[in-house]
Amino acid sequence: MSILSKAYFHDEAAAFAYVESVVWANGPVCPHCGGYDRIYDLKATRIGLKKCGQCRKQFTVRVGTVFESSHLPLTKWLQASYLMCCSKKGISAHQLSRVLEITYKSAWFMAHRLREAMRSGDMSPFGGEGAIVEVDETFIGNDKTMKPKGSKKGRGYAHKHKVLSLVDRSTGKARSMVVDSLKAKDIMPILEANIHAETHIMTDEAGQYHHVNKSFAGHDFTSHGKGEYVRGVTHTNTIEGYFWIFKRGMKGVYHHCAKKHLNRYLAEFDFRYNNRVALGCNDSDRQIAALHGIVGKRLTYRDSSAA
Ligand SMILES: [Zn+2]
């Protein structure tokens, strides 16, 4: 036996039962009307099919999720989500296509929908009183929307995608975003929206962070330019560890990425980082966390407090 021999990777009925147990932890809910009192099982007609006695409409657990408009069996979706969840640096659509024996196009759409499932809807600020948040930026790929100036084509960072990340040292969680500019006037509103004012901020010596202490409880930085990387608790090593994995994945696995998709890839790397082994999450836990994210904004799960 191995993880890959689990029934839900091979048997469609088992796959439905597994996804239902995650999405409908408190029992099935009609995605059309939100009803849950009179749900009838029509699985003899089609695997996973249910009917709502309230609105008389039929549905399966796929309705209202990122799996909805796909013709691929749920077993393939579970195989794909497991591969994405257990590969620390990600898995390319080409690789997914070969392993799952589906077309590249299907694999590409599947991977992007799963990234959508991994995207955290949590917008609550990081940090708080006594907490430390590391802030840093990195550059990746080529932003085709920016024209390199003069003869210095290909040099410097201006033409690259700019990624701003935060890591909350107390929770160990990361949040990353693509930004158009790293100027203080553009960065500060983002930091203020994403970090509690009572937080102590750690950065490197970059100029855009010079006035960070005006908006937060405190600010310390190391001077990488002078060879200083750690001074007691003052360092950005946690966030650099995050960037290390992100860059290995983007360079080694994904190779290219247009700016419009970069936020999705960041969601994928944030997701795996925030559900990592050091935080008590194994590969299967991570897959369950991803399945929780497949549900859209519509009411397709039963709120335990309302049950
Ligand atoms: Zn209904």
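A crossing of two helices is called right-handed if the near helix is turned clockwise from the far one by less than a right angle, and left-handed if it is turned anticlockwise. In this predicted model, the crossing of helix 2 and helix 8 is right-handed.

Two packed helices are described by the angle between their axes and the distance between the axes. For helix 2 (residues 74-86) and helix 8 (residues 283-292), the axes come within 9 Å and cross at roughly 120°. An angle of 65 to 115 degrees would count as roughly perpendicular and one over 145 as roughly antiparallel, so helix 2 and helix 8 are oblique to each other. On the helix 2 side, the contact is made by S81, Y82, C85 and C86, which meet D283, R286, Q287, A290 and L291 of helix 8. By class, five residues of this contact are nonpolar, two are polar and two are charged.

Helix 8 also packs against helix 1 (residues 12-23): their axes come within 9 Å and cross at roughly 70°. That angle makes helix 1 roughly perpendicular to helix 8. Here V19, V22 and V23 of helix 1 are in contact with I288, L291 and H292 of helix 8. The residues of this second contact divide into five nonpolar, one polar and no charged.

The largest nonpolar core has 59 residues, and V19, L96, L114 and V133 have the most contacts inside it. Helix 2 gives the largest share of this core, eight residues. Leaving aside neighbours within four places in sequence, L114 is in contact with A80, S81, M84 and A290.

Some loop residues remain. R56 lies in the loop between strand 2 (50-52) and strand 3 (58-59), and its phi is near 65°, a positive value in a residue other than glycine. R56 has 11 other C-beta atoms within 10 Å and is therefore exposed. E101 sits in the loop between helix 3 (93-100) and helix 4 (104-118). Its phi, near 55°, is also positive in a residue other than glycine. E101 counts as exposed because it has 8 C-beta neighbours inside 10 Å.

D180 is in the loop between strand 6 (173-179) and helix 5 (184-194). With 12 C-beta neighbours inside 10 Å, D180 counts as exposed, since the class takes in residues with 12 or fewer. The C-alpha atoms of D180 and S87 are separated by 29 Å, and the two residues are 93 residues apart along the chain.

How values were computed:
Residues are numbered from 1 along each chain as its sequence is written. This is a predicted model: local features need pLDDT of at least 70, side-chain atom pairs count only at pLDDT 80 or more; totals for chains, interfaces and linings use all residues. Helices (H or I, at least four residues) and strands (E, at least two) are DSSP runs, numbered from the N terminus. A residue is buried if 20 or more other C-beta atoms lie within 10 Å of its own, exposed if 12 or fewer, and partly exposed in between; C-beta atoms are placed from the backbone. Axes are lines fitted to C-alpha atoms, for helices over the stretch in contact, and angles run from 0 to 180 degrees between N-to-C directions. Angles under 35 degrees count as roughly parallel, over 145 as roughly antiparallel, 65 to 115 as roughly perpendicular and the rest as oblique. Two residues are in contact if their C-beta atoms, placed from the backbone, lie within 7 Å. Ala, Val, Leu, Ile, Met, Phe, Trp, Tyr, Cys and Pro count as nonpolar, Asp, Glu, Lys and Arg as charged, and the others, Gly among them, as polar. A nonpolar core is a set of buried Ala, Val, Leu, Ile, Met, Phe, Trp, Tyr and Cys residues joined through C-beta atoms within 7 Å.
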